[in-house]
Amino acid sequence: MHAAGGLIAPQLWHVGAVRSQNPEWTPPGPYDSPSGLSAPGQTFGEPMSDAAVADAIDAFGRAAGDAKRLGFDAVELHGAHGYLIDQFFWEGVNHRTDRFGGPDIGERARFAGDIVRAVRAAVGPTFPVIIRLSQWKQQDFNVKLAHTPTQMEAWLNPLVDAGVDVFHCSQRRFWEAEFDGSDLNFAGWAKKLTGAPTITVGSVGLNGDFVAGFGGASSQPDSLDDLIRRLDRGDFDLVAVGRAVLQDPQWATKVRQGRTDELLEFEAKALATLY
Ligand SMILES: Cc1cc2nc3c(=O)[nH]c(=O)nc-3n(C[C@H](O)[C@H](O)[C@H](O)COP(=O)(O)O)c2cc1C
């Protein structure tokens, strides 16, 4: 990556108590989760003990330190999509009564805050730390952790205080407004409320979402005008692209050179090249 002029950050990802869609990929337990639930009402293992919580926090710190030592340029913590960190954020599966649970999103963000502090301690003050967050869960697309900007502030600002530099705001469709009364998306609100740089993602340049892609659906190239309007307005700082680049490694070059008529349809069979 460096030889080609690129930068690279690994994503540190603990899946927690998510059941794999492929049962053969699910390892034997125990499964870490805040309250022994894979989704609301669905038991999957036991609640994490105090020792297991401390061990997970420590492991994220060690992994980040390893990433820096190995020559990566940043780390990203996977705090989205219903995996372990997100399970702590989510009221529906975090029923803990210790300092990692509670009715307020700020209380349920303490696990992530402790992880960010462990990561920051391991990598030092200047190494970029990104966290990926989503309102939606793979277990339930309609969940929202923050129903209002005030709740979003209570969720995100403690993470900035803990040492997050960049929020990677995962949506399935980047153009969807986060709250009524404004067309700002998640990355737009996160930047407005925290002042931190943000990354937007979700169906950039494509007309169908990635979850449908896993189910075999193809997606047609879509206009980038709305994305560029938001970027120019300063809503967010970076744009992440998934399937379009898996389909076509020349995607970014084509966009930069204005060759948008050459962008390709995403076909699910492009995923087969990954396995
Ligand atoms: C094959 C595949 C693997 C993915 N793996 C991850 C992952 O490891 N971590 C993650 O946060 N998101 C993962 N995602 C989600 C993407 O990062 C991205 O958020 C999603 O594909 C939406 O972007 P797109 O519409 O440009 O594809 C994956 C998506 C695909 C298609």
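1. Six strands make an open sheet, ordered 1-4-5-6-7-8 with parallel pairing; two strands count as paired if DSSP finds at least two bridges between them. Helices (H or I, at least four residues) and strands (E, at least two) are DSSP runs, numbered from the N terminus. Strand 1 (11-12) and strand 8 (238-240) sit at the edges, each pairing on one side only. In general, the strands of a sheet pair through backbone hydrogen bonds, either parallel or antiparallel.

2. What you are looking at. This is a predicted model, where local features need pLDDT of at least 70, side-chain atom pairs count only at pLDDT 80 or more, and totals for chains, interfaces and linings use all residues. Residues are numbered from 1 along each chain as its sequence is written.

3. Strand by strand. Strand 1 and strand 4 run parallel and are joined by 2 bridges, with Gln11 standing opposite Glu76. Strand 4 is joined to strand 5 by 6 bridges, again parallel, and here Gly79 faces Leu133. Further along, 4 bridges link strand 6 (residues 166-170) to strand 7 (residues 198-201); look for Cys169 opposite Thr200 there.

4. Strand 4 and His81. Strand 4 is mostly covered, with 6 of its 7 residues buried. A residue is buried if 20 or more other C-beta atoms lie within 10 Å of its own, exposed if 12 or fewer, and partly exposed in between, with C-beta atoms placed from the backbone. His81, in strand 4, is partly exposed because 18 other C-beta atoms lie within 10 Å. His81 also has a positive phi of about 60 degrees, although it is not a glycine.

5. The core. The largest nonpolar core has 68 residues, and Val75, Ile85, Ala112, Ile115, Val116 and Val119 have the most contacts inside it. Such a core is a set of buried Ala, Val, Leu, Ile, Met, Phe, Trp, Tyr and Cys residues joined through C-beta atoms within 7 Å. Helix 4 (residues 110-123) gives the most to this core, with 8 residues. If you click on Val75, its contacts (C-beta atoms, placed from the backbone, within 7 Å) include Ala9, Leu12, Val119 and Ile130, not counting residues up to four places away in sequence.

6. Helix 5. The 14 residues of helix 5 (residues 149-162) should span 20 Å at 1.5 Å a residue, and the end C-alpha atoms are 20 Å apart, so the two agree; the expected span is 1.5 Å times one less than the number of residues. Met152, Trp155, Leu156, Leu159 and Ala162 are its buried residues. They pack against helix 3 (105-108), helix 4, strand 5 (129-137), strand 6 and helix 6 (186-194). Just after helix 5, Gly163 takes a positive phi of about 130 degrees.

7. The ligand. The ligand is surrounded by 18 residues, the closest being Val201, Ser203, Phe210, Gly242 and Arg243; a residue is near if its C-beta atom, placed from the backbone, lies within 6 Å. Strand 4 (75-81), helix 7 (210-214) and helix 9 (243-247) each supply at least two residues of this shell.

8. Ser203. This residue lies in the loop between strand 7 and helix 7. Ser203 counts as buried because it has 25 C-beta neighbours inside 10 Å. Its phi is near 60 degrees, a positive value in a residue other than glycine.

9. A cis bond to check. Gly29 and Pro30 are joined by a cis peptide bond, with omega about 0 degrees. Pro30 is in the loop between strand 1 and strand 2 (37-39).

Note on methods:
Contact = placed C-beta atoms within 7 Å.
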